[in-house]
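Trainee: I have a new structure to read. Can you walk me through its features, one at a time?

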Amino acid sequence: SIGMEPATSGSITMAADNAGYTKIGRMVTVGGRVFVQSVSSPDGNVKITGLPFIIKNAYEYEPCGLGYVFGLGASNVPVALTAGQGGTDAWLYLLTAATLLQGATVTANAELQFTITYATTA
């Protein structure tokens, strides 16, 4: 299940997700539309959790994806998703500010739509 969580403290509770993936060989494309149900003082950089396969441990395969967050306080913003090697998480960068999305800006009823493609280890 795809989720969002802050890196430092607090929590972001997600409603049921609408996400899926296509895997051809070792390449995986994940797309989703996820909704924030509630927040409890989230703090720190926000990441997407629960990608379906481990990301290949090689620099040439580090993934990047795109998305859009609706209902971030009073604004809607485009985001880039970047993920490191060997995990199943992706960080959210605000394209309007070139900084990581911070938990304090995430509100209940926010929505994230995204897609990301990456190589997996299996």
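Trainee: Leaving aside its neighbours within four places in sequence, which residues is Met4 in contact with?

Mentor: A contact here is a pair of heavy atoms within 4.5 Å. Met4 touches Ile12, Met14, Val36, Val46, Lys47, Ile48, Thr49, Leu92, Leu101 and Val106. This is a predicted model.

Trainee: Which residues have the most contacts inside the largest nonpolar core?

Mentor: Look for buried nonpolar residues joined through side-chain atoms. Here the largest such core has 28 residues. Met4 and Leu92 have the most contacts inside it. Two or more core residues come from each of β2 (9-14), β4 (27-43), β5 (46-49), β6 (64-72), β7 (75-82), β8 (90-94) and β10 (111-119).

Trainee: How do I read empty space?

Mentor: Rolling a probe the size of a water molecule over the atoms shows where empty space is left. In this model, the search finds 1 cavity of 30 Å³ or more.

Trainee: Which residues line the largest cavity?

Mentor: Met4 again, with Val36, Val69, Leu72, Val106, Ala110, Glu111 and Leu112. Strands β6 and β10 each give two or more residues to that lining.

Trainee: Next, the strands. How many bridges join β4 to β10?

Mentor: To read a pairing, find the bridges and then the direction. There are 9 between β4 and β10, and these strands run antiparallel. Thr29 has Thr117 of β10 as its bridge partner. Arg33 stands opposite Gln113 in β10.

Trainee: What is the sense of the pairing between β6 and β10?

Mentor: Antiparallel, over 7 bridges. Leu66 has Thr115 of β10 as its partner.

Trainee: How many residues lie between the strands in the hairpin of β3 and β4?

Mentor: The hairpin has 2 residues between its strands. Gly25 takes a positive phi near 60 degrees.

Trainee: Last point. Which element has the lowest mean pLDDT, and which the highest?

Mentor: Read pLDDT as the predictor's confidence in each residue. Strand β1 (residues 3-6) has the lowest mean among the elements, 88. Strand β3 (residues 18-24) has the highest, 95. The chain mean is 90, and 98% of its residues reach 70 or more.

Definitions and conventions:
Residues are numbered from 1 along each chain as its sequence is written. This is a predicted model: local features need pLDDT of at least 70, side-chain atom pairs count only at pLDDT 80 or more; totals for chains, interfaces and linings use all residues. Side-chain values use heavy atoms; hydrogens and water are left out. A nonpolar core is a set of buried Ala, Val, Leu, Ile, Met, Phe, Trp, Tyr and Cys residues joined through side-chain atoms within 4.5 Å. Buried means under 20% relative accessible area, exposed over 50%, partly exposed in between (1.4 Å probe, protein chains only). Helices (H or I, at least four residues) and strands (E, at least two) are DSSP runs, numbered from the N terminus. pLDDT is the predictor's confidence in each residue, from 0 to 100. Two strands pair if DSSP finds at least two bridges between them. On a 1 Å grid over the protein atoms alone, a cavity is a set of points where a 1.4 Å probe fits but cannot get out, and a pocket is an open set with protein on both sides within 12 Å along at least five of seven lines; lining residues have an atom within 4 Å of a point. Grid points are joined across faces, edges and corners, and a volume is the space filled by probe spheres set on the points.
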